[in-house]
Each structure stands twice: as C-alpha cells, then as structure tokens.
Amino acid sequence: MKKTHILITCCSLLLAVCIALSVVVLNRPGHESAQAQDEKVVRLYGVLDSAYSRIANASNVPRTEPSLAPASSDDTQFKIALLHFYAQSNNIVSILPFTTVQVTEAALLKAFMSSATAVNESLAYIDRYADRTLASAYETMEELLEKYSALLQKYNISSSSSYTSKYNKLSSIFSSLKNSSTELLSRTRTLIKKSKSDDYDTYYTNYVEQLSDLTGKIEQYCAVISGEYYDLLAELSDDYDDIK
C-alpha cells in the first residue's frame, strides 16, 4: 500500500533526526545544568528503548502477502480478501503509534537544548510532523475500514454475522489508537513546557504512563489482528500454494 510505504520512510527519517539531535544534546557545551539535562536524556532513551522493543515484538504478522491459489467459491474469495486486509491492518496499527513515539522523542530532545527558543521550536516540531505523518496514518485507517465495509457489502455479509462484529472491533481498535496517540502528543507538549522546571519529574511520569498505555495497546491489538490473520490462514490452507 503506497501510504504505508510513505509512512515507513517518514519513520526512518524521523529516527535519523532523533540520532542527530541526541548527539547535539549530549555534546553541547556550556548549557545550564548540563548534568541534569544529560540525565533526562538517558532516562528518556531507557524508556523509549523499551517501548520500541515492545512494538517490534508485537508486529509479528507477515509483511509479505501470500501467493494465492485459484479461489473455488465466494466464501473462499471473501476470506482471501480479508487475509490481505488483516496483513495491511497490522502494518498501520504498528506504524501509527511508532511514528507518534518517534515524533515525541525528537521533540523532547530538541527541548533539552540550551537555546532560548528550544521549547518553542520543539512544540513547533510536534505540530509540523504530527500533521505530515499522523494525519496520513489516520486517513489510511479510515480507508481500511471503508475497504472492509465494501467487502461485507460485496459478499452480502449479514449485519448479524461475526464478520460484522470483527469490523466493529477493528473500528474500535483504530479509534483507541488514535486517542492514545493524541493523548501522548498532548502530554509531550506539557512535558516540553515543563522541561526546565522543578516539577519536571511529575510530567515525565505522566508521559511515561501514556507511552506505556500506547505500547500496551499495540501489543494487544497486534495480537488480535495476528490472531484473525492466522485463523483465516488455517481455514484457507488447502487453497494456498505456499506462503512467501
């Protein structure tokens, strides 16, 4: 999916920005409370490393789609379409929150710099990149839901079917991730404003709690989606030549 590739590219670019900023922060001479600022960076990296590991471990649905054998019935064709759909959904469930985490990381590192405009620059950074990357991810989520709905209509799936319930579940998953991502950005903005204040630790704790909430949802929701993926794959095993 084209937008998925764009989001992956954005993620890679943001990670490069994070690395560059960290070098600047840790080696910048003469800024106020250098040791304290360095300690904040070390703490931040510790919690972010844990979050990245959890996200990577959660995203275990195959990223390449299987080769299809000829479909013998409408039921088989419907399940094949859903199999591809769930593979795509896993991608976006992983990428959206991962991008949110990267944006907050880069913004916080900018806030730790000693310039008088660091706070304003880091807040502007969030606004700029949240608009460019997350808005596209939200749009992709809506497109996936529209695709699922179209499949239900195409194959005349009853509103009382379990597949309709699965559609509603996926819609809820997407909505939950959007809300959690938005809340993480909100807490990051607050933390940035408090980045040089005495009560920094309180707002840092709030940020970490929301980061944990978001990564926990990624783990939970990727498990749900991968479960649907492999359940469908098991049902279709006789209709596939091989899995790439």
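Residues are numbered from 1 along each chain as its sequence is written, and side-chain values use heavy atoms, without hydrogens or water. Because the model is predicted, local features need pLDDT of at least 70 and side-chain atom pairs count only at pLDDT 80 or more, while totals for chains, interfaces and linings use all residues.

Start with helix H3 (residues 74–111) and helix H5 (residues 162–193). Helices are DSSP runs (H or I, at least four residues), numbered from the N terminus. H3 and H5 pack at an angle of about 5°, with their axes 9 Å apart. Axes are lines fitted to C-alpha atoms over the stretch in contact, and angles run from 0 to 180 degrees between N-to-C directions. H3 and H5 are therefore roughly parallel (under 35 degrees; over 145 counts as roughly antiparallel). Their contact holds 22 nonpolar, five polar and two charged residues. Here Ala, Val, Leu, Ile, Met, Phe, Trp, Tyr, Cys and Pro count as nonpolar, Asp, Glu, Lys and Arg as charged, and the others, Gly among them, as polar.

H5 also packs on helix H6 (residues 200–235), at about 160° and with axes 9 Å apart. This pair is therefore roughly antiparallel. The contact of H5 with H6 divides into 17 nonpolar, seven polar and eight charged residues.

Now the aromatic rings. The model has 10 aromatic pairs (rings of Phe, Tyr and Trp, its six-membered ring, with centres within 6.5 Å). Phe85 counts as buried because its relative accessibility is 0%. Tyr148 is buried too, at 0% (buried is under 20% relative accessible area, exposed over 50%, with a 1.4 Å probe and protein chains only). Phe85, Tyr86, Tyr148 and Tyr167 form one aromatic cluster.

A charge meets a ring elsewhere. Arg43 lies over the face of Tyr204, 4.2 Å from the ring centre (CZ of Arg within 6 Å of the centre and within 35 degrees of the ring normal).

Last, the loop between helix H4 (118–154) and H5 contains Asn156. Most residues other than glycine have a negative phi. Asn156 is not a glycine, yet has a positive phi of about 50°. Asn156 counts as exposed because its relative accessibility is 69%.

Note on methods: Helices (H or I, at least four residues) and strands (E, at least two) are DSSP runs, numbered from the N terminus. Angles under 35 degrees count as roughly parallel, over 145 as roughly antiparallel, 65 to 115 as roughly perpendicular and the rest as oblique. Rings of Phe, Tyr and Trp (its six-membered ring) pair if their centres lie within 6.5 Å; planes under 30 degrees apart count as stacked, over 60 as edge-to-face and the rest as tilted.
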